Amino acid sequence: MQLGTRWAVGAAAPAALPPVVAGAVRDVEAELRVDGVAVAGWAWTLTWLEGRPVVELDDGTLITYNDAERSATVRQVGQAADDDDDY
């Protein structure tokens, strides 16, 4: 059993995250900074689903991990599945 955790936007992601997922988190945070989004008080939530990390930002942005492909998918709030950003 793996326990999830929360961490603040801008803080280091948990070491247990696959590198591609941690990279996707950094990319989302960089995009928020470029867009000038006020993220004070925002946090990420890490949960584990069938042994795979699922990371969600307070605004609903979701990052999932495909262990077979060792890839991460970012889905923004209200974004259709076919418009996902893959890493």
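Which side chain meets Glu50 in a salt bridge? Select Glu50 and Arg52: their side chains pair, N to O, at 3.5 Å. Keep in mind that this is a predicted model.

**Stop 1: Glu50 and Arg52**

Color this pair by accessibility. Glu50 is exposed, at 68% relative accessibility. Arg52 is partly exposed, with a relative accessible area of 28%. This bridge is one of two in the structure.

**Stop 2: Asp58 and Arg6**

Asp58 is partly exposed at 39%. Arg6 is also partly exposed, at 48%.

**Stop 3: Trp7 and Trp44**

Move on to the aromatic rings. How many aromatic pairs does a search of the whole structure find? It finds one. Select Trp7 and Trp44 and show their rings. The ring centres lie 6.3 Å apart. The planes meet at 20 degrees, so the pair counts as stacked, the cut-off for stacking being under 30 degrees.

Next, show the strands. Trp7 is in β1 (residues 5-8) and Trp44 is in β2 (residues 43-49). The two are 37 residues apart, and their pairing links distant parts of the chain.

Notes: Residues numbered from 1 in each chain as written. Predicted model: local features only at pLDDT ≥ 70, side-chain atom pairs only at ≥ 80, totals over all residues. Heavy atoms only, no water. Phe/Tyr/Trp six-rings, centres within 6.5 Å; stacked < 30°, edge-to-face > 60°. Helix = DSSP H or I, 4+ residues; strand = E, 2+ residues; numbered from the N terminus. Salt bridge = Lys/Arg side-chain N within 4 Å of Asp/Glu carboxyl O. Buried < 20%, exposed > 50% of the residue type's maximum accessible area, 1.4 Å probe, protein only.
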